[in-house]
Amino acid sequence: MFGNIGWGEFLVLLVAALVVLGPERLPGAVSWMTRSLRQVRDYASGAKEQLKEELGPEFDDLRQPLSELNQLRGMTPKAVITKHLLDGDDSLLTGNFDKPGTKPVSKPVPPPLTAGEKPPIDSDAT
């Protein structure tokens with residue numbers, strides 16, 4: 001719950017609460033806060049269960065794009081571009097166009113024209 005708050009920050013918040021509320025009202029404020037957080041958590045889980053019941057299998061279809069977005073949060077921009085725009089082929093970004101284990105595809109080179117021979121013409125291309 002306090003994943004982003006370290007022990008030092010928590011101690012500073014506790015001392016500030018003690019100064020603002022005083023030692024008499026601090027235990028009551030802490031118990032009120034825990035009850036409120038528990039009630040909010042219960043409301044949220046109840047709403048989630050209600051959505052699951054009403055949507056049925058479509059609930060998983062709704063959650064799938066959200067889980068993909070959470071996966072993208074931890075990725076670097078280069079990894080996002082490589083995965084989604086280039087289908088995992090990072091040769092454009094790295095300049096390594098020869099994949100290991102694959103041979104480059106090349107067209108056979110036609111023999112040079114002899115003297116007086118006309119070059120082939122592609123009527124569809126002209």
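The chain exposes about 11600 Å² of surface, of which carbon and sulfur atoms supply 63%; such accessible areas come from the Shrake-Rupley method with a 1.4 Å probe, and for residues only the protein chains shown count as cover. This is a predicted model, in which local features need pLDDT of at least 70 and side-chain atom pairs count only at pLDDT 80 or more, while totals for chains, interfaces and linings use all residues. Residues are numbered from 1 along each chain as its sequence is written, and side-chain values use heavy atoms, with hydrogens and water left out.

The chain holds four helices and zero strands, so that its elements run α-α-α-α from the N terminus on, where helices (H or I, at least four residues) and strands (E, at least two) are DSSP runs numbered from the N terminus. Buried residues, meaning those under 20% relative accessible area, with exposed over 50% and partly exposed in between (1.4 Å probe, protein chains only), make up 4% of the 126 residues in the chain.

The pLDDT, which is the predictor's confidence in each residue from 0 to 100, averages 78 over the chain, and 74% of the residues score at least 70. Confidence is highest in α1, at a mean of 88, and lowest in helix α4 (residues 91-94), at 64.

Helix α1 (residues 7-55) includes L14, which is partly exposed, with a relative accessible area of 41%. Together with L11, V15, V19 and V20, L14 forms a nonpolar patch on the surface, with about 500 Å² of accessible area in total.

Helix α1 also contains W7 and F10, three residues apart, or about one turn of the helix. A search of the whole structure finds one aromatic pair, and because the rings of W7 and F10 have their centres 6.4 Å apart and their planes at 90°, this pair is edge-to-face. W7 counts as exposed at 76% relative accessibility, whereas F10, at 35%, counts as partly exposed.

Methods. Patch = residues over 30% accessible without salt bridge, like charges linked within 9 Å, V, L, I, M, F, W, Y side chains within 5 Å. Salt bridge = Lys/Arg side-chain N within 4 Å of Asp/Glu carboxyl O. Phe/Tyr/Trp six-rings, centres within 6.5 Å; stacked < 30°, edge-to-face > 60°.
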